[in-house]
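I opened this model to look up its helices, charged pairs and surface. My entries follow the display.

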Amino acid sequence: MCRAVVISWLKMKCEVFISKKNHVKKRQNMKTLWIIVAFVSGAFLPIQAGLNTRLGKSIENPVYASMISFIVGVFSVLIYILFTNQHVAWTGIKTAPAYAWVGGALGAFYVTAIILAFPKIGPALTFGLVVAGQMVIAVLLDHFNILVAQQHSINVWRIVGVLMIVGGVIIIRKF
């Protein structure tokens, strides 16, 4: 009987261990997937800028091209919502802080600024500056725990990483 209890206990511990191991592996796979998604979405930005710039030239107004880009984006997201059966807590709209609504305006500013800058300074410098700006602000947001899920303090390696990106932008600008 004692032997059966020990075997049963060992089986249970093995199942827990395997379950935890599978959970960790799933989390690692999901993290890898999101790393790929983030990279691909970043790779699409210069293509989007080129397409929006081409549209702006065709209709002879880059600001209208920005608006059209957002309209097409709205319809694209609506189609995604319909096909994936997304749900929303509409009551949350009332409780969202006022500053949360600025995100749409920042997106509009970004797209319009890119459409205007892209043909004047080129894709490499435009997006080098975009990435440098993103990294400077992202490190500050991380450090001061603003709008982030988990705080990460500024350290020498983060500063070195940002300086390397800024250095890359300077090299792109010079050559």
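The entries below begin with the conventions and then take one topic at a time.

I am working with a predicted model, in which local features need pLDDT of at least 70, side-chain atom pairs count only at pLDDT 80 or more, and totals for chains, interfaces and linings use all residues. Residues are numbered from 1 along each chain as its sequence is written, and side-chain values use heavy atoms, with hydrogens and water left out.

Entry 1, helix α4. I took helices as DSSP runs (H or I, at least four residues), numbered from the N terminus. Helix α4 covers residues 102-121 and spans 27 Å from first to last C-alpha, close to the expected 28 Å (1.5 Å times one less than its number of residues). I listed V111, T112, I114, I115 and F118 as its buried residues (under 20% relative accessible area, 1.4 Å probe, protein chains only; exposed is over 50%, partly exposed in between). G122 follows α4 and has a positive phi, near 85°.

I searched the whole structure and found one (a side-chain nitrogen of Lys or Arg within 4 Å of a carboxyl oxygen of Asp or Glu). R158 pairs with D142, and their closest N and O atoms are 2.9 Å apart. The pair joins helix α6 (residues 156-174) to helix α5 (residues 123-144), with R158 and D142 16 residues apart. R158 is partly exposed at 25% relative accessibility, whereas D142 is buried at 17%.

I placed V77 in helix α2. V77 counts as partly exposed because its relative accessibility is 47%.

Conventions
Helix = DSSP H or I, 4+ residues; strand = E, 2+ residues; numbered from the N terminus.
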